[in-house]
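Look at the model first, then read on.

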Amino acid sequence: MANSALASTSQAQVRPAVSQVKQVVQERTQCRADKAACIAIAEAAQALLVALVSCAAEEARRGGAEVRRGGAARILPWHIGQAVQSAEFRSSPFFTKTTARAADGTSGSTVKEARRAARAARLDGHVKVNPFRSLVKRTARAHGNVALTAPLVVALSAFVLEAVNQVADTAGEAAAKSDATTTITADHVRTAVTDLLGGDLQARALAAIDAALVAEAVGE
């Protein structure tokens, strides 16, 4: 489903920064996360963002969305809402969480609702400032033909934060069950991705994690 140009952007220059993920995990859970785990969480969150924006872009084009200068299709909250309702997303437990409804900014289809969703996600994650707005903008630019409104940038940054939170929480639970350690590893993140995502979403997220960890090992 994901646009090939966008699907290829799940790399270090586009995914959430490892330091940002580490901050969220430390403030969210009682566990530590090693570097490989932070990279894996970042890749999982980016895979979700890429899939959501790609699907929303397809919805926008099918619906004859406004095309801005340079050929960028303007994505509206409604397009995100339609994307989340697609079979692929609905089959993933991640999208059955109540906070996922707010992540698309369509609860009331208003700027106020989008900002409220972002604020709630920040508070829930104990993060005072959402660090992922620039990531959302970079992802849209990497897509090359998508224009996001300012409220959607806010809402999608909340979505990324929610993705990091859920993956970190589930990986922390896996770590607690596996042994007495309080350190989240990449294997625990893979377990979390398997639990939270289904179908192609799961496959793409796991492939992105594996590719990123191989690249990290080669670069060391």
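In helix 3, Ala36, Ala37, Ala40, Ile41 and Ala44 meet Ala186, Val189 and Val193 of helix 10. Contact here means heavy atoms within 4.5 Å. The residues of this contact divide into 8 nonpolar, no polar and no charged. Ala, Val, Leu, Ile, Met, Phe, Trp, Tyr, Cys and Pro count as nonpolar; Asp, Glu, Lys and Arg count as charged; the others, Gly among them, count as polar.

This is a predicted model: local features need pLDDT of at least 70, side-chain atom pairs count only at pLDDT 80 or more, and totals for chains, interfaces and linings use all residues. Residues are numbered from 1 along each chain as its sequence is written, and side-chain values use heavy atoms, with hydrogens and water left out.

Helices (H or I, at least four residues) and strands (E, at least two) are DSSP runs, numbered from the N terminus. Axes are lines fitted to C-alpha atoms, for helices over the stretch in contact, and angles run from 0 to 180 degrees between N-to-C directions.

| Helix pair | Axis distance | Angle |
|---|---|---|
| Helix 3 (residues 35–62) and helix 10 (residues 186–196) | within 8 Å | roughly 25° |
| Helix 2 (residues 18–28) and helix 3 | 9 Å | about 100° |
| Helix 3 and helix 4 (residues 77–84) | within 8 Å | roughly 115° |

Angles under 35 degrees count as roughly parallel, over 145 as roughly antiparallel, 65 to 115 as roughly perpendicular and the rest as oblique. The axes of helix 3 and helix 10 cross at roughly 25°, so helix 3 is roughly parallel to helix 10. Helix 3 passes helix 10 in a right-handed crossing. A crossing is right-handed if the near helix is turned clockwise from the far one by less than a right angle, and left-handed if anticlockwise.

Helix 2 packs on helix 3 at about 100°, so helix 2 is roughly perpendicular to helix 3. Val18, Val21, Lys22 and Val25 of helix 2 touch Lys35, Cys38, Ile39, Ile41 and Ala42 of helix 3. By class, that contact has 7 nonpolar, no polar and 2 charged residues.

Helix 3 and helix 4 cross at roughly 115°, so helix 3 is roughly perpendicular to helix 4. Their crossing is right-handed. The contact of helix 3 with helix 4 has 7 nonpolar, 2 polar and 1 charged.

**The cavity**

A cavity is a set of points on a 1 Å grid over the protein atoms alone where a 1.4 Å probe fits but cannot get out; lining residues have an atom within 4 Å of a point. The count comes to 1 cavity of 30 Å³ or more. The largest cavity has a volume of about 40 Å³, the space filled by probe spheres set on the points, which are joined across faces, edges and corners.

Its lining is Ala44, Leu48, Phe94, Val167, Ala192, Val193, Leu196 and Leu197. Helix 3 and helix 10 are the elements that give two or more residues to this lining. The largest share, 3 residues, comes from helix 10.

How values were computed:
1 Å grid on protein atoms, 1.4 Å probe; cavity = no way out; pocket = protein on both sides within 12 Å on 5 of 7 lines; lining within 4 Å.
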